[in-house]
Amino acid sequence: MLTLYAITLGGMIYFALHRLKLLWMYLRHARMPARPAPWQGAPARVCVQCPLYNEPLVVERLLEAVARLRWEEGRLEIQILDDSTDETSRIIADWLAAHPREAARMRHVRRTNRAGYKAGALAQGMTLTSADFLAIFDADFRPAPDFLETTIPYFSDPKVGAVQARWEFSNRRASLLTRFQAIFLDAHFVVEQAARFGSGLFFNFNGTAGVWRRAALEDAGGWSADTVTEDLDMSYRAQRRGWKFVYLRDYVVESELPEKMSAFKTQQYRWTKGGMQVARKQLRAVLAGNLPGRVKIEAFLHLTTGLVYPLLLTFSFLFVPYLYCVADEQLRGVWLVINPLSVVLATGTTVVLYVTSQYFRERQWREGLLWLVAAPVLLAFGLAMCVTGCVAVIEGLVSMGGEFVRTPKGGRAAHVGGIMRRGRSRWLFRMVSVVEIVIGLGMLTGAVYFAQLGATQVAIMLGIKTLGFLGLAATSAPDVWPLRGT
């Protein structure tokens, strides 16, 4: 048991040090891209694509935002790629009828089936336009009117295949859940993406709030639905073909975070599963390709980052038994030194990344220091997500493709029931909740035991971790185990 525990800690430290390396790369190399060269020739023809599926609570705000985009008259078209099976399609039709001036450059595209999910919708949309550049916005994104004026000029470099803007979150302060999500995602968008771009490494288009050159999409083989993260898959295929990506760390597009735990879990599940599928599909070609060694190393770490979840899950199961063993006089000594140092190293680097990403987001330490105080709760929440992540990793390793499960948006009014009514989804997330409860109860038992021994600090630590696991299960319960008839 101690050997397995030590191996698990070693793996956690490995991934934590990688994130610390990204922070160091950010401090050394993060930069805004050079000012683009003047555009030559006629203004570019641009198509804005808005893939939708059952988004009645947010679709009108999306339509209003994309309708305000500024671009040369006659050189912009907007596709509403609507695969909806609910009232979303009627809302779109009513909005277009009520706004004939804006509707003149919009096209409401309906498919008879949802083949290929989001990738299939984007691919079909490409066949309906001859535009040279395609901007993509998911239903909950609100681009500013100057989005195209800011991003398209970077394509004056013929080698640029995609431009990605940074995500910002309009509801980051809506609840503790959205605050936690914002912290996790800020680390990615503020630090990791900027670090990879500034260091000349591969980084990924995030599926929305960005623009693609049509030639890059076609050269890389077009959108594919054989993974559930078509954006990551396409990003690596295009960059392997030599296309450059640009990341605009200081230009943001507002979006919305899911405000229900089950919606957040489905999002993280899809992202993690898709990441492992892309690793299976492309990692061998990346490592065998004619790329610099540092690019290959970072690509490997980037695509396999989901493997941290099985390590975290193993750690969660072994942590209390390990503490029981350490309480035995025979195991005192080196283990009492190794474990605290290992845990501090594995968790401390993550806290440093989260705290500093808050500073670099707004150049203010106040928010980051507040989260430093709340770090134990934040880490407990992140640790508890390991059950969902581990299931996603296993599925990604054993299967390709699968259903693209959208993340319901629209604040607390968002309806998750459509996802959970499907037998397999409800069974899957019930299983996840059961494991979270089992781990949580195990840690609670450990907290009580060590409190009785007088080991107050250990008991408090286990109590906080208990809160993470049982809290995650409890907040998921209304969707996973709904009352009869709901």
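A residue is called buried when its relative accessible area is under 20%, exposed when that area is over 50%, and partly exposed in between, as judged with a 1.4 Å probe and protein chains only. Because this is a predicted model, local features need pLDDT of at least 70 and side-chain atom pairs count only at pLDDT 80 or more, while totals for chains, interfaces and linings use all residues. Residues are numbered from 1 along each chain as its sequence is written, and side-chain values use heavy atoms, with hydrogens and water left out.

Two strands are taken to pair if DSSP finds at least two bridges between them. E1 pairs in the parallel sense with strand E2 (residues 76–82) over seven bridges, with Leu52 opposite Asp82, and four bridges join E1 to strand E4 (residues 133–136), again in parallel, with Val46 opposite Phe133. Together with helix H2 (residues 59–67), E1 and E2 make a right-handed β-α-β unit, right-handed meaning that, with the strands pointing away from the viewer, the path from the first strand over the helix to the second runs clockwise.

A salt bridge is a side-chain nitrogen of Lys or Arg within 4 Å of a carboxyl oxygen of Asp or Glu, and a search of the whole structure finds 24 of them. In one, the closest N and O atoms of Arg61 and Glu256 are 4.0 Å apart; Arg61 lies in H2 and Glu256 in the loop between strand E7 (244–255) and helix H10 (261–288), so the pair ties together parts that are 195 residues apart in sequence. Arg61, at 37% relative accessibility, counts as partly exposed, whereas Glu256 is buried with a relative accessible area of 8%.

A further salt bridge joins Lys118 to Asp138, with the closest N and O atoms 2.9 Å apart. Lys118 belongs to helix H5 (residues 117–127) and Asp138 to the loop between E4 and helix H6 (147–151), 20 residues apart; Lys118 is buried, because its relative accessible area is 9%.

Technical notes:
Helix = DSSP H or I, 4+ residues; strand = E, 2+ residues; numbered from the N terminus.
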